[in-house]
Amino acid sequence: MKEIYQHWKDCFFTETLLVGVLMLTLFISLKNRKKHTILRFFPIYTACLLTVYISGYIVMCSTDLYSYSVTTFNFINYIDYFFILIELGILVHFFLSIIENRIVRRILILLTILFIPYYFIESYDDKYFPRSISETTQSRVYTIESLILLFPCFAYFYELFKKPPVLNLKKEPAFWIITGWSFFATCTLPYSLLENYLRESHSSLMTELYSVFYIFYILLFIMIIKAYLCKKEFI
């Protein structure tokens with residue numbers, strides 16, 4: 001537990017708060033899983049991200065496993081890397097159920113199809129493959145994923161402003177999810193673009209710097225909670 005506490009302390013307990021918010025989000029999403037059809041896969045999304053952190057803590061408690069070695073299989077990095085694909089799949093499915101413009105939908109599907117071979121090529125070309133996936137590769141692939149998912153966010157807001165102002169956005173789950181993701185992706189994008197440079201020049205500060213991600217992930221999942229708490233509209 002000392003290793004976990006020190007890790008939490010190094011990131012100013014932002015990861016601790018995120019794990020707590022993830023647990024709360026998972027509870028609320030499971031309790032309200034039948035309330036909004038468009039949110040049906042978000043409990044899986046939340047549970048998968050929670051699994052990433054919990055598996056890391058399990059390994060962290062074992063000194064032999066936690067000490068990185070290029071001669072051993074690092075399954076934690078694979079779990080983290082695979083989460084990118086899960087996140088993309090769930091969010092793309094969500095956007096396709098919201099976006100009405102056919103051209104935007106087709107472009108999003110095309111970008112997703114193109115991303116899949118890119119995802120596997122990046123892992124295969126990684127210098128540690130097949131023992132592990134480096135953080136440099138993960139950062140690069142994650143940045144591309146974020147840019148892909150920002151595209152339908154902008155398309156959603158464009159469609160929203162074109163429609164007659166008859167919707168009460170506070171009661172729209174999609175609005176909260178897309179606002180949360182847009183805010184998360186745009187605010188963390190500068191860090192994502194600089195992450196590999198920072199890793200090379202300030203590697204000792206990476207845990208502290210990653211607190212930026214934790215803070216905006218917390219805000220994203222608070223938005224997801226808000227989406228689940230929207231009243232179900234009966235027609």
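Reader: How many nonpolar, polar and charged residues does the lining of the second largest pocket have?

Author: In this predicted model, that lining has 8 nonpolar, 1 polar and 8 charged residues, where Ala, Val, Leu, Ile, Met, Phe, Trp, Tyr, Cys and Pro count as nonpolar, Asp, Glu, Lys and Arg as charged, and the others, Gly among them, as polar. The pocket has a volume of about 290 Å³, and of its 17 lining residues the closest to its centre are I38, I98, E172, P173 and A174.

Reader: What makes a space a cavity and not a pocket, and which residues line the largest cavity?

Author: On a 1 Å grid over the protein atoms alone, a cavity is a set of points where a 1.4 Å probe fits but cannot get out, whereas a pocket is an open set with protein on both sides within 12 Å along at least five of seven lines, and lining residues have an atom within 4 Å of a point. The largest cavity, with a volume of about 30 Å³, is lined by I38, L39, R40, F41, F42, I90, H93 and F94.

Reader: Why is S123 called buried?

Author: Buried means under 20% relative accessible area, exposed over 50%, and partly exposed in between, with a 1.4 Å probe and protein chains only; S123 has 7% relative accessibility and therefore counts as buried. Leaving aside neighbours within four places in sequence, S123 is in contact (heavy atoms within 4.5 Å) with Y81, F129, I133 and T137.

Reader: Why does the span of helix 2 agree with its number of residues?

Author: Helices are DSSP runs (H or I, at least four residues), numbered from the N terminus, and the expected span is 1.5 Å times one less than the number of residues. For the 18 residues of helix 2 (residues 14-31) that should be 26 Å, and the end C-alpha atoms are 26 Å apart, so the two agree.

Reader: What should be kept in mind about numbering and confidence?

Author: Residues are numbered from 1 along each chain as its sequence is written, and side-chain values use heavy atoms, with hydrogens and water left out. Because the model is predicted, local features need pLDDT of at least 70 and side-chain atom pairs count only at pLDDT 80 or more, while totals for chains, interfaces and linings use all residues.

Key. Grid points are joined across faces, edges and corners, and a volume is the space filled by probe spheres set on the points. Helices (H or I, at least four residues) and strands (E, at least two) are DSSP runs, numbered from the N terminus.
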